[in-house]
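Colleague: I am new to this structure and would like to learn how to read its features one at a time. Could you take me through them, giving the general idea before each case?

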Amino acid sequence: MILLELHTRSLELAGKVVATVQPEQLVLATPCAGWTLRRLLEHVVGQHRGFAAAARGAGPDPALWRDVPVDGDPAGAFRLSAGELTAAFAEAHAAPRAGRGLWLPEIRDGAAFPLRQAVGFHLLDTLVHAWDVAAALGTPKEVAEAVDADEWLASALLSVAVLVPAAPEDRAPGAAFREPRQRPHGAGPFDRVLALLGRDPGWAPPVR
């Protein structure tokens, strides 16, 4: 499944961004309202663990999706959990569990999703949060340009983003994404995705 290969690329790209984070930068603000860089990375690592558990057959247990402390080594925590997730997705693809889906309680309570859809969800989550991290560090264009330069990855990302529900109740405060924004003139694929998900492509850290 080529989507698994693209998902691996998304984790590699995100991993390179996270590897640049210094411990003193964990207090920085991010595009995720009210979240510091530490909080964002703990969420990301927790999502890796949650998706991996789902791929290995876990039920809809929210405890499996808890944030995971990154302490002073966010890159190491990201790398380890990303490796676990890549292996879990590969195992699920190689040995399907009699057509049973993956339980993703943080996306929709009481429902299971096909592996392909779950991989797509996490690919989007990975790349958007990679941009969030880069934006907090003041280098968001690096992620956008890297994705736009990869035609297959950009196409897969956009195909998932256009399917994200955008009704008012789906984009209310506290939801994963906000109301869609008007995309900037001449926007590339990645900036189009950010606009679809309510992110401001021009977001910059507050002046300290």
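Colleague: In which helix is Phe 78 found?

Modeller: Two remarks on the source come before the case. This is a predicted model, in which local features need pLDDT of at least 70 and side-chain atom pairs count only at pLDDT 80 or more, while totals for chains, interfaces and linings use all residues. Residues are numbered from 1 along each chain as its sequence is written, and side-chain values use heavy atoms, with hydrogens and water left out. Helices (H or I, at least four residues) and strands (E, at least two) are DSSP runs, numbered from the N terminus, and Phe 78 lies in helix α3, which spans residues 74-94.

Colleague: Is Phe 78 buried or exposed, and which residues does Phe 78 touch?

Modeller: Buried means under 20% relative accessible area, exposed means over 50%, and partly exposed is in between, with a 1.4 Å probe and protein chains only. Phe 78 has 6% relative accessibility and therefore counts as buried. Contact means heavy atoms within 4.5 Å; if residues up to four places away in sequence are not counted, Phe 78 touches Leu 11, Ala 14, Gly 15, Val 18, Val 44, Val 45 and His 48. With one of these, Gly 15, the separation along the chain is 63 residues, although the C-alpha atoms are separated by 6.9 Å.

Colleague: At what angle do α4 and α5 pack, and which residues make the contact?

Modeller: Axes are lines fitted to C-alpha atoms, for helices over the stretch in contact, and angles run from 0 to 180 degrees between N-to-C directions. Angles under 35 degrees count as roughly parallel, over 145 as roughly antiparallel, 65 to 115 as roughly perpendicular and the rest as oblique. The axes of α4 and α5 are 7 Å apart, and the two helices pack at an angle of about 150°, so α4 and α5 are roughly antiparallel to each other. From α4 the contact takes Leu 127, Ala 130, Trp 131, Ala 134 and Ala 135, and from α5 it takes Pro 140, Val 143 and Val 147. For the classes, Ala, Val, Leu, Ile, Met, Phe, Trp, Tyr, Cys and Pro count as nonpolar, Asp, Glu, Lys and Arg as charged, and the others, Gly among them, as polar. The contact of α4 with α5 has eight nonpolar, no polar and no charged residues.

Colleague: How do the axes of α4 and α6 cross?

Modeller: The axes of α4 (residues 115-137) and α6 (residues 151-161) come within 9 Å and cross at roughly 110°, which means that α4 is roughly perpendicular to α6. Here Gly 120, Phe 121, Leu 123, Leu 124 and Leu 127 of α4 meet Leu 153, Leu 157, Val 160 and Ala 161 of α6. By class, this contact of α4 with α6 has eight nonpolar, one polar and no charged residues. The buried residues of α6 pack against α1, α4, α5 and α7.

Colleague: Where is Thr 30, and what does the side chain of Thr 30 reach?

Modeller: Thr 30 sits in the loop between α1 (2-18) and α2 (37-55), and Thr 30 is buried, with a relative accessible area of 6%. A polar contact is a pair of N or O atoms within 3.5 Å; within protein, one must be able to donate a hydrogen and the other to accept it, and residues adjacent in sequence count only if both atoms are side-chain atoms. The side chain of Thr 30 reaches the backbone oxygen of Trp 35 at 2.9 Å.

Colleague: What is the phi of Asp 71?

Modeller: Most residues other than glycine have a negative phi, and most peptide bonds are trans. Phi of Asp 71 is near 50°, a positive value in a residue other than glycine. Asp 71 is in the loop between α2 and α3 and, at 54% relative accessibility, counts as exposed.
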